Amino acid sequence: MKKILFLVMALLPLVFNSCSEDDIISENEEIAEEEVEIKDLPEMDNVSLDYHPSDQVIELPRDVESEGVTVSLKYDSYWITQLELNGSTISFKALENTESETGHRFDTIFINNRGINIGSICVSQARKPISPTRLVWAVSSAIYRNKALGDLSMSGQEMTKAIYDLEKTTNGKDSYKNYPAFAYCIEMNHDPENNMEWHLPSLHEMGKYANGQSYEGTPFDKHNYWWSASENSLNGNAFSLYAGSTASRGAESKGKDWWVMAFRNGKMNE
């Protein structure tokens, strides 16, 4: 009996020490977890793509992979593939946008740290810049079908923005949807309210792109009449081609239907 008591008394310190060490380890782990600070990333620019397939790399402000961060898509869009995080870079492939019914498509890359969203990046991709059908400048019910809204000094972006703002400036009596040539371009933008990068080009912008070059093999070579955002009194200004290398322009009724070529920030984006 004395031997048994002696063994029990000898083992008790080991048991208490073992429990004590486990408690310390557990407490240290909890403290370590509490000390890990989850930091948000600064607001990042959206990614705006044209319809072409492309490989994209986004540089982040710091190495977040080492923090245990993961990336995912909000809508799991099929056209964004091979999404990967490597240190401070996010990479992915964008497939060609062959859709024509909608102006653009988009998804959001979420950057997560232990279930907490520390940043996000919107990725949008516009449709092809050339309309698949001819469109009118303005429908018959449009307020500016038979009168001028702007003047020749306005850029394509300025005129397109003025058309987009009609619902506000006319108290809902008019809408950009009554101006199909403009609507085709406006709807290519993910955020036209704040960033009208895609727009119907002005006559000057079209001329600057076209003059001094052969049209063979260029988008202009596809059709002979294109709408511009510019107006000539009551009419719209169309850009026309003839002889394969010479451009002209003319005032056309806004009810006529011509082709539309969207520009991006004042330039043709083929």
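The buried residues of helix α5 are L203, E205, M206, G207, Y209 and A210. With six of its eight residues buried, α5 is largely enclosed by the rest of the structure. The model described here is predicted. In total the protein has five helices and 15 strands, and buried residues make up 41% of its 270 residues.

**Helix α5 and its link to a strand**

- Helix α5 covers residues 203-210 and contains Y209, while F263 belongs to strand β14, residues 263-264.
- The ring centres of Y209 and F263 are 6.1 Å apart and the ring planes meet at 80°, so this pair is edge-to-face.
- Because Y209 sits in the helix and F263 in the strand, the pair ties together parts that are 54 residues apart in sequence.
- Y209 and F263 are both buried.

**The sheet that holds β14**

- Strand β14 is part of an open sheet of three strands, in the order β9-β14-β15, and the pairing is antiparallel.
- The edges are taken by β9 (198-199) and β15 (267-268); each has a single partner strand, so one side of each is left without a neighbour in the sheet.
- Two bridges join β9 and β14 in the antiparallel sense.
- W198 stands opposite R264, a residue of β14.

**Aromatic pairs**

- A pair of aromatic rings is described by the distance of the centres and the angle of the planes.
- Six aromatic pairs are present in the structure.
- One of them joins W137 and Y179: the centres lie 6.2 Å apart and the planes are at 80°, so the pair is edge-to-face.
- This pair links distant parts of the chain, since W137 is in the loop between β8 (135-136) and α2 (156-164), and Y179 is in the loop between α3 (166-169) and α4 (180-186), 42 residues apart.
- W137 has a relative accessibility of 0% and therefore counts as buried.
- Y179 is also buried, with a relative accessible area of 0%.
- Ring pairs join W137, Y179 and F182 into a cluster.

**Charged groups over rings**

- R127 lies over the face of Y184, at 3.9 Å from the ring centre.
- For K147, the charged end sits over the ring of Y144, 5.3 Å from its centre.

**Strand β6 and its partners**

- Strand β6 runs over residues 104-113, and eight of its 10 residues are buried, so β6 is largely enclosed by the rest of the structure.
- One partner of β6 is strand β3 (residues 69-73), paired in the antiparallel sense over five bridges.
- Within that pairing, V69 has N113 of β6 as its bridge partner.
- Another partner of β6 is strand β7 (residues 116-126), also antiparallel, with 10 bridges.
- T108 stands opposite C122, a residue of β7.
- A hairpin is formed by β6 and β7, with two residues between the strands.
- In the turn of this hairpin, R114 has a positive phi of about 55°.
- In a regular strand the side chains alternate between the two faces of the sheet.

**The protein as a whole**

- Among contacts with a separation of 6 or more, 65% are between residues 24 or more positions apart.
- The accessible surface comes to about 15,200 Å².
- Carbon and sulfur atoms account for 49% of that surface.

Methods:
Residues are numbered from 1 along each chain as its sequence is written. This is a predicted model: local features need pLDDT of at least 70, side-chain atom pairs count only at pLDDT 80 or more; totals for chains, interfaces and linings use all residues. Side-chain values use heavy atoms; hydrogens and water are left out. Rings of Phe, Tyr and Trp (its six-membered ring) pair if their centres lie within 6.5 Å; planes under 30 degrees apart count as stacked, over 60 as edge-to-face and the rest as tilted. Helices (H or I, at least four residues) and strands (E, at least two) are DSSP runs, numbered from the N terminus. Buried means under 20% relative accessible area, exposed over 50%, partly exposed in between (1.4 Å probe, protein chains only). A charge sits over a ring if NZ of Lys or CZ of Arg is within 6 Å of the ring centre and within 35 degrees of the ring normal. Contact means heavy atoms within 4.5 Å. Accessible areas come from the Shrake-Rupley method with a 1.4 Å probe; for residues, only the protein chains shown count as cover. Two strands pair if DSSP finds at least two bridges between them.
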